Each structure stands twice: as structure tokens, then as C-alpha cells.
Amino acid sequence: MTHTHRSRKVNAIDRRTFSRILSIGTAGASLPALPVTSASASSSASASAADGEKSAILPEAQAGTHSSFGPLKQIHAGELNIGYAEAGPAHGPPVVLLHGWPYDIHSYVDVAPRLAAAGHRVIVPYLRGHGTTRFRSDKTFRNAQQSVIALDIIALMDALKIEKAILAGFDWGARTADIIAVLWPERCKALVSVSGYLITNRETQKAPLPPKAEWAWWYQYYFATERGRLGLAKYKHDFAKLIWKNVSPTWHFSDATFDRTATAFDNPDWVPIVIHNYRWRLSLAKGDPRFDRLEKRLAQSPAISQPTITLDGELDPFTPPGNGASYRDHFTGAYDHRTLKGIGHNLPQEAPAAFAKAVVDVNAL
């Protein structure tokens, strides 16, 4: 479904969004602060909660209950035509769910119905380079630096006339939600962030990690080479399936589950976006100079003041040790942390009940 009646407003939307960029300074003292609360006992959440514990608010559903969202929608938003799923009442409190890599909107296929049943308007967009999201111009730089992906979501919210939403995500999606929370705090009501604080500082990225930690990131170094770019293009489905298995060791997904997501990788811009994202993080590719001010602001590791619940999968190789302690100081507002036992990297798809409960709970912090 194409929302052509909204496309006439795209230029105005673009100007409004870009004016926000120009208005953001590099000082870090302008963010409002909320009272700090200590992490609750739920930081050691049990496997039963991850598997779908009953809730008085949310209907019970196990992972794998749903297989699709139904017909997707498309809308012009900034430099993209964004494909997205929508569920729930049109005037319900909005929630934007943001996927990671190498995943797609189906990471939330069991989360969205639960939130819709709880009365939320749920928006699940394909990020740039994924699924049915397309660049509106062939001449647009296939840029995947962190700030521009956040700008995509701001443009989407503008196009959908969503002033403020709960933002929830993992992997690329968590990073994007974190960035919106600090650069456009007025657009983020509350935050659910898997793996905590993921805003990239490219200078600190240059410091080596212990070998075991570096091993988990092997594909980033592969992508830094031309061989890696060619390999991703030639074996993208095999590559993604290998990542899924490595980072979610207890998630026994079916071929049908993987294949539903793998169609999102057939987007002609998927390989360029993935390669640019990881090369940019390692300072091996340049971003767009128009966004230098945003990146300078993000490089200061600004704190997040909105009510936040952070989630870690116990078996996620990218989860920092310490039950969230390593990033706790980045969250200055009402806060809770939960570790899900037996769960890996694709937390919302592996533990949809626990993820949906976090979204409902953060709205009440």
C-alpha cells in the first residue's frame, strides 16, 4: 500500500528534519534529567520469563506463534520510501520497533501482536537497505553511518505524524533508538535497548579488545576487505544463517523462519549498506559531512535521560559482562535492567513475551 497522499509533504518534512540537525550543538548539558532509580531484582530474570511468562496485561504467546504481519505499507520519508508493518489501534500510544543485522522486521513478528493487544500503535520499519525500503534516488549516497539511520526514523515519524514514541530495538535498532533518545529527546517517550548503550565512538573503536572479544566481531574485519564484500554479495543467505547460529546458540529456528527474513537481504542496497556501516565504524569509510555535527555530539557519549529498560541475552556473545554494569552510568533516568537466561542475540524473536513486557513496563517507569 502506497501512501501517495502524503508524498506531497516530503519536501517540507525534509526541511524540518534537516533544520533539527542544524539546531543540535555539541555541548552535552542540554538534556533533561530524570531521577535515578536502582536496577530492580528483575536483572536476573528467569528463563521462564524469557519463554513467555503470563502477564496480566499481555496475552500469552510463545516464540514462533506468528509467521507474518500481513500486508506491508510504504511511505515517503526523507530520502527513502520506507516499508513498514503496522499493528494496533491507529490512535494508541505509538511504539517503534527497530530490527538489527542480519535480521529484519520478523524479529518482532510475535512482539507486535502482543503490544497491539495491549492498545499500542506498533510501527515496525525496514531499515535502509532492507526489505521493501528503497532509496528514492539512484544518486543518493548509500550511507550507513549511525546518525543517518536515526534520521531515517525521525523522518518516518514525521511522515506518520508521530510526535513521540516508545523506541525499542536490538543491534542496529538499539543503536538507532539510543541515538534518537540523545539527539531528539522530545521524540522518545521511553526506551528499551538490548545490549544497553550502543552509540559508536569511532576513536574508542580503534582500541583493540581481548582476543575472545575480537573473535566475536570477525565478520567486521572480513567486511573491511574487498574479498569480504564479494563474499557477502555471493553468499549472503549462507552468511546470515551462519551468524544466526553463532550468536543465538539455543535458538532452533526453522528454515521457513530464516527464509522469511532472508528475503529482506535481496534488496539491491543491502550489501552496500552493510559494508558501509561496518567500514564506517572502523574509520575505513567516510560518512556524509552534513552529519559531522551529529557524529561529534555522539562521540561525546551523551547520557540518556528517558525512562529505560536494558535487556541482555545471557548467551549473546556481544553482551558485555557484569549484568549491565558496564553501561549503567549512561542512563540517568528511571531505569531497570534484565538479563534473559538461555537467550542469544536476536532477543525479541527468541523471547517475544519478555521483550513485549519490557515495552509495557518501561511506559510505566
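Trainee: How do you know that Tyr-219 is buried or exposed?

Mentor: Its relative accessible area is 3%, and buried means under 20% (exposed is over 50%, partly exposed in between, with a 1.4 Å probe and protein chains only), so Tyr-219 counts as buried. Bear in mind that this is a predicted model, where local features need pLDDT of at least 70, side-chain atom pairs count only at pLDDT 80 or more, and totals for chains, interfaces and linings use all residues. Residues are numbered from 1 along each chain as its sequence is written, and side-chain values use heavy atoms, leaving out hydrogens and water.

Trainee: What about Trp-101, buried or exposed?

Mentor: Trp-101 has a relative accessible area of 2%, so Trp-101 is buried.

Trainee: Why is the aromatic pair of Trp-101 and Tyr-219 called tilted?

Mentor: Rings of Phe, Tyr and Trp (its six-membered ring) pair if their centres lie within 6.5 Å; planes under 30 degrees apart are stacked, over 60 edge-to-face, and the rest tilted. Trp-101 and Tyr-219 are 5.5 Å apart centre to centre with 40° between the planes, hence a tilted pair.

Trainee: Which other residues share an aromatic cluster with Trp-101 and Tyr-219?

Mentor: Among them are Trp-172, Trp-217, Phe-265 and Phe-318. A search of the whole structure finds 30 aromatic pairs.

Trainee: What makes Arg-142 lie over the face of Phe-135?

Mentor: A charge sits over a ring if NZ of Lys or CZ of Arg is within 6 Å of the ring centre and within 35 degrees of the ring normal. Arg-142 is at 4.1 Å from the ring centre of Phe-135 and lies over its face.
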